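Me: Hey, I'm new to this one and could use a quick tour. Can you walk me through it?

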Amino acid sequence: QVQLVESGGGLVQAGGSLRLSCAASGLSFSRYAMGWFRQAPGKEREFVAAISVSGTTTYYADSVKDRFTISRDNAKNTVYLQMDSLKPEDTAVHYCAVPLRHRSGDALRGANVYDYWGQGTQVTVSS
């Protein structure tokens, strides 16, 4: 059974940093791309970042590019999201997800290609 467990969320002031982690189990983690999404109250879930199987290719939403960094440690079955220069508009529940079919490129920006999701971790940025 595939499980994704996020951690690292919390309350931070604008300009601060947080590092989210997503621990995966029940799958051969190193074989799959991974993604991060977020959903703010009253808004649709939106793409944040994704990373290729090897970790050499990354994708970012324009709103987080140059502030967030996605990475993975295949030995630890974990994907990370380093979030710097946080803004109040980054406030949302952040989710990690995995597509079990081979996906790459811009396809990873679509929530519909992901098969399993974590429970989410709340990120709140105060002004």
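Predicted model: local features only at pLDDT ≥ 70, side-chain atom pairs only at ≥ 80, totals over all residues.

Me: Okay, so where does Asp 90 fall, buried or exposed?
Reply: Asp 90 has a relative accessible area of 0%, so it is buried.

Me: And which residue does Asp 90 form a salt bridge with at 2.9 Å?
Reply: That's Arg 38, with 2.9 Å between the closest N and O atoms. Asp 90 sits in the loop between strand 8 (78-83) and strand 9, while Arg 38 is in strand 4 (residues 34-39), so this pair ties together parts that are 52 residues apart in sequence.

Me: Is Arg 38 buried or exposed?
Reply: Arg 38 is at 5% relative accessibility, so it counts as buried.

Me: What about Arg 67, how does that meet Asp 90?
Reply: Their side chains meet in a salt bridge too, at 2.8 Å from N to O. Arg 67 lies in the loop between strand 6 (58-60) and strand 7 (68-73), and Asp 90 in the loop between strand 8 and strand 9, so the pair ties together parts 23 residues apart in sequence. Arg 67 is buried, as is Asp 90.

Me: Which residues are linked in that network of salt bridges?
Reply: Arg 38, Glu 46, Arg 67 and Asp 90 are the ones linked in it. As background, side chains of opposite charge can pair when their charged atoms come close.

Me: How many salt bridges does the structure hold?
Reply: It holds 5. One of them joins the side chains of Asp 106 and Arg 109, at 3.2 Å from N to O.

Me: Switching topic. How many disulfides turn up in a search of the whole structure?
Reply: The search finds 1. Cys 22 and Cys 96 form a disulfide, with their sulfur atoms 2.0 Å apart. The pair links distant parts of the chain: Cys 22 is in strand 3 (residues 18-25) and Cys 96 in strand 9 (residues 92-98), 74 residues apart.

Me: Why is the disulfide right-handed?
Reply: The torsion about the S-S bond of Cys 22 and Cys 96 is about 55°, so the disulfide is right-handed. Both Cys 22 and Cys 96 are buried.

Me: Over how many bridges do strand 1 and strand 3 pair?
Reply: They pair over 5 bridges, in the antiparallel sense. Within strand 3, Ser 21 stands opposite Ser 7.

Me: Last one: what does Ser 21 touch?
Reply: Leaving out residues up to four places away in sequence, Ser 21 touches Val 5, Glu 6, Ser 7, Trp 36, Thr 78, Val 79 and Tyr 80. Ser 21 is also buried, with a relative accessible area of 18%.

How values were computed: Residues numbered from 1 in each chain as written. Heavy atoms only, no water. Disulfide = S-S within 2.5 Å. Helix = DSSP H or I, 4+ residues; strand = E, 2+ residues; numbered from the N terminus. Buried < 20%, exposed > 50% of the residue type's maximum accessible area, 1.4 Å probe, protein only. Salt bridge = Lys/Arg side-chain N within 4 Å of Asp/Glu carboxyl O. Pairing = 2+ DSSP bridges. Contact = heavy atoms within 4.5 Å.
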